[in-house]
Amino acid sequence: MPERDDGEREFDIKWADAAAHKEPSARARMLAARWKENPPGPVPFRGDPDPVRHSRRRSWISTAVVLGSVAAIIVLLGYVNLRGSSY
């Protein structure tokens, strides 16, 4: 099967793009069939996001863990500096 040159391939793409009737994708056909029986409800263009519940307890726990880790690193670095300078 000989390779087609770019001119023929471009012509085929233009011909296919200019087709009067284009078949919908499988997903579009599936959704159309589903919505025919049970249409979806209206959805706002930019709906409000779901409210996020912030737990004060969790925020304090995470803050304590971060501050505790930083304090532990500072103490560890100070201990390593102290041991290294005694030589």
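Is R29 buried, partly exposed or exposed? In this predicted model, R29 has a relative accessibility of 40% and therefore counts as partly exposed, since that value lies between the cut-offs of 20% and 50%. The side chain of R29 meets that of E23 in a salt bridge, with a distance of 3.0 Å from N to O, and the structure holds one salt bridge. Side chains of opposite charge can pair when their charged atoms come close.

A nonpolar surface patch of about 270 Å² is made by V66, V70 and I74. Of these residues, V70 lies in helix α3, which spans residues 56-85, and V70 counts as partly exposed because its relative accessibility is 43%. The accessibilities of the three residues discussed here are set out below.

| Residue | Relative accessibility | Class |
|---|---|---|
| R29 | 40% | partly exposed |
| V70 | 43% | partly exposed |

Buried residues make up 1% of the 87 residues, while the protein exposes about 9300 Å², of which carbon and sulfur atoms supply 61%.

As for confidence, the mean pLDDT of the protein is 80, and 76% of its residues reach 70 or more. Among the elements, helix α2 (residues 26-37) has the highest mean pLDDT, at 92, whereas helix α1 (residues 6-17) has the lowest, at 70. Where pLDDT is low, the predicted coordinates should not be read in detail.

Notes: Residues are numbered from 1 along each chain as its sequence is written. Side-chain values use heavy atoms; hydrogens and water are left out. pLDDT is the predictor's confidence in each residue, from 0 to 100. Helices (H or I, at least four residues) and strands (E, at least two) are DSSP runs, numbered from the N terminus. Patches are made of residues with over 30% relative accessible area and no salt bridge: like charges are joined within 9 Å, nonpolar side chains (Val, Leu, Ile, Met, Phe, Trp, Tyr) within 5 Å. Accessible areas come from the Shrake-Rupley method with a 1.4 Å probe; for residues, only the protein chains shown count as cover. A salt bridge is a side-chain nitrogen of Lys or Arg within 4 Å of a carboxyl oxygen of Asp or Glu. Buried means under 20% relative accessible area, exposed over 50%, partly exposed in between (1.4 Å probe, protein chains only).
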